[in-house]
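This briefing goes through one protein model by topic.

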Amino acid sequence: MSTTVIVGAQWGDEGKGKITHAESENADAVVRYGGGANAGHTLVVDGKERVTHVLPSNIVRAEGRAMTGPGVVHDLEVVRDELRIAQEYGASVFLDRSAPIVLPIHKLIDGAREASAKGGKLGTTKRGIGPCYEDLVSRRGVKLGDLTSERRLREALTERGYYAERQSVARHHGAEPMSLDETVEWCMQFQDDIVPHLADVRHLIAQMVQSRRNVLFEGAQGVLLDVIQGSRPYCTSSHCTAGGASTTMGVYGFDRVIGVAKAYLTRVGAGPFPTELHDGEWLRKKGNEYGATTGRPRRCGWLDLVALKYACRVGGVTELAITKLDILSGVGDVYVSDRYLFEGKPLGKLETLTSRVLRESKTQLVRFAGWDEDITEVRKIRDLPENARAYIGYIRRYVGVPVTMVSVGPEPQQVATL
Ligand code: IMP
């Protein structure tokens, strides 16, 4: 009987999908609480790879409820595709009726801003995430519940000149947006698919929490991409910490917050990355580090413990799941960063990792002897090769939270536990 949150403890792409899928086995509900189709959670089910972008990872299970909260921005084409997957597996899906819809104009503005940014690109996923969240905090935009009638939809689009203002923004960036009528028509094509799943998800979750059911809150992206705690502007527009689950779902005091971190580090999009390997192609190839959503090659580097410890602290993490340790087998010595020098001095332990701090810090790397053994069959952390255990032990001691799971391969059963 517990509430558990899963957060990414790096810049996203930590392998949260696999950990969430494993943890969802005993969950009465899994609720995705932030982000949108910028995420890609990869699961392997019956040997088949599935990637979910908006709906939670348990849409591939008949047991338990799959839900999205009011802080998730819904890309309707993606949601429709994922509802089909859910149907294949007999999953029950509930979508919060207050959640924002990502309109075609949001994607248009996102893409046009990136195209016209020249040197200053953020490297967004161009899924309309930023523009859609702008509308949420501006207290306007279209909600899933507005799909119940064309009248409501039109009202939402025209209130206080909303859609006309958005059109002028698109035009400012040299893009020609859909007309109001086309947008209404575009939205209405999803009515039959979406409306049967609408619910007050916060109410359902509150009831489940009160009756001590197992609820799993599925985060997206990673703490280092959080709109406040991440390195603005090189971040996303949602709250990626455990606090994001509280803010959006109204639930506090979780029993467990599992932070998921890769045994090394990757980042997609622009922004500072102190431990980046500029000759990291070997790691990209070995780890198959290409975006699940955009296919973009990920930037690769060594594990940054300064950043991980920060992410665990501000993200509320109480235990760590380390993924892709098998990728480091046979690579020779491995390194971690455990100290930043900022403005000529060691960075204080509790300082905030802003863009400036990340950009201007020099890292110091610590070397660990590697291991050559195949670890893909290991199921207990204590049975890992000595050097791999030393590596995991160092992470645990440095960050100050237990490492309860180590993923040693892509298959669901390839996890070593305590
Ligand atoms: P946006 O979320 O599409 O606005 O992109 C903002 C930044 O977050 C970019 O650097 C993206 O590459 C990054 N980002 C967004 N979602 C993910 C994700 O799921 N994994 C990794 N990076 C992401």
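In this predicted model, a backbone N or O atom of Gly 123 lies 3.3 Å from an oxygen atom of the ligand.

**The ligand and its surroundings**

- The ligand is surrounded by 16 residues, and the closest of them are Asp 13, Asn 38, Thr 125, Thr 236 and Arg 296.
- Asn 38 has an N or O atom in its side chain that is 2.9 Å from an oxygen atom of the ligand.
- Gln 221 also has a side-chain N or O atom by the ligand, 3.2 Å from a nitrogen atom of the ligand.
- Which part of Gly 123 supplies the N or O atom that lies 3.3 Å from a ligand oxygen atom? For Gly 123 it is the backbone.

**Helix 3 and helix 6**

- Helix 3 covers residues 104–116 and helix 6 covers residues 162–172; their axes come within 9 Å and cross at roughly 25°.
- Angles under 35 degrees count as roughly parallel, so helix 3 is roughly parallel to helix 6.
- Helix 3 and helix 6 cross in a left-handed way.
- On the helix 3 side, the contact involves Ile 105, His 106, Leu 108, Ile 109 and Arg 113. These meet Tyr 162, Tyr 163, Arg 166, Gln 167, Val 169 and Ala 170 of helix 6.
- Sorted by class, the residues in this contact of helix 3 with helix 6 are 7 nonpolar, 2 polar and 2 charged.

**Helix 5 and helix 7**

- The axes of helix 5 (residues 150–158) and helix 7 (residues 180–188) cross at roughly 135° and come within 10 Å.
- Because of this angle, helix 5 is oblique to helix 7.
- Is the crossing of helix 5 and helix 7 left-handed or right-handed? Helix 5 passes helix 7 in a right-handed crossing.
- Helix 5 contributes Glu 150, Leu 153, Arg 154, Leu 157 and Thr 158 to the contact. Helix 7 contributes Leu 180, Asp 181, Thr 183, Val 184, Cys 187 and Met 188.
- The contact of helix 5 with helix 7 is made up of 6 nonpolar, 2 polar and 3 charged residues.

**Helix 12 and helix 14**

- Helix 12 (residues 305–315) packs against helix 14 (residues 386–399) at an angle of about 50°, and their axes are 9 Å apart.
- That angle is why helix 12 is described as oblique to helix 14.
- Helix 12 and helix 14 form a right-handed crossing.
- Leu 305, Val 306, Leu 308, Lys 309 and Cys 312 of helix 12 meet Tyr 394, Ile 395, Tyr 398 and Val 399 of helix 14.
- The contact of helix 12 with helix 14 holds 8 nonpolar residues and 1 charged residue, with no polar ones.

**Two places in the backbone**

- The peptide bond that joins Arg 232 and Pro 233 is cis, with omega about 5°.
- Pro 233 sits in the loop between strand 8 (215–218) and helix 10 (242–249).
- Arg 160 is not a glycine, yet it has a positive phi of about 45°.
- Where is Arg 160 found? Arg 160 is in the loop between helix 5 and helix 6.

Terms used: Residues numbered from 1 in each chain as written. Predicted model: local features only at pLDDT ≥ 70, side-chain atom pairs only at ≥ 80, totals over all residues. Heavy atoms only, no water. Axes fitted to C-alpha atoms, helices over the stretch in contact; angles between N-to-C directions. Helix = DSSP H or I, 4+ residues; strand = E, 2+ residues; numbered from the N terminus. Parallel < 35°, antiparallel > 145°, perpendicular 65-115°, else oblique. Left-handed = near helix turned anticlockwise from the far one by under 90°. Contact = heavy atoms within 4.5 Å. Nonpolar A, V, L, I, M, F, W, Y, C, P; charged D, E, K, R; others polar. Near = heavy atom within 4 Å. Polar contact = N/O pair within 3.5 Å; in protein donor to acceptor, adjacent residues only side chain to side chain.
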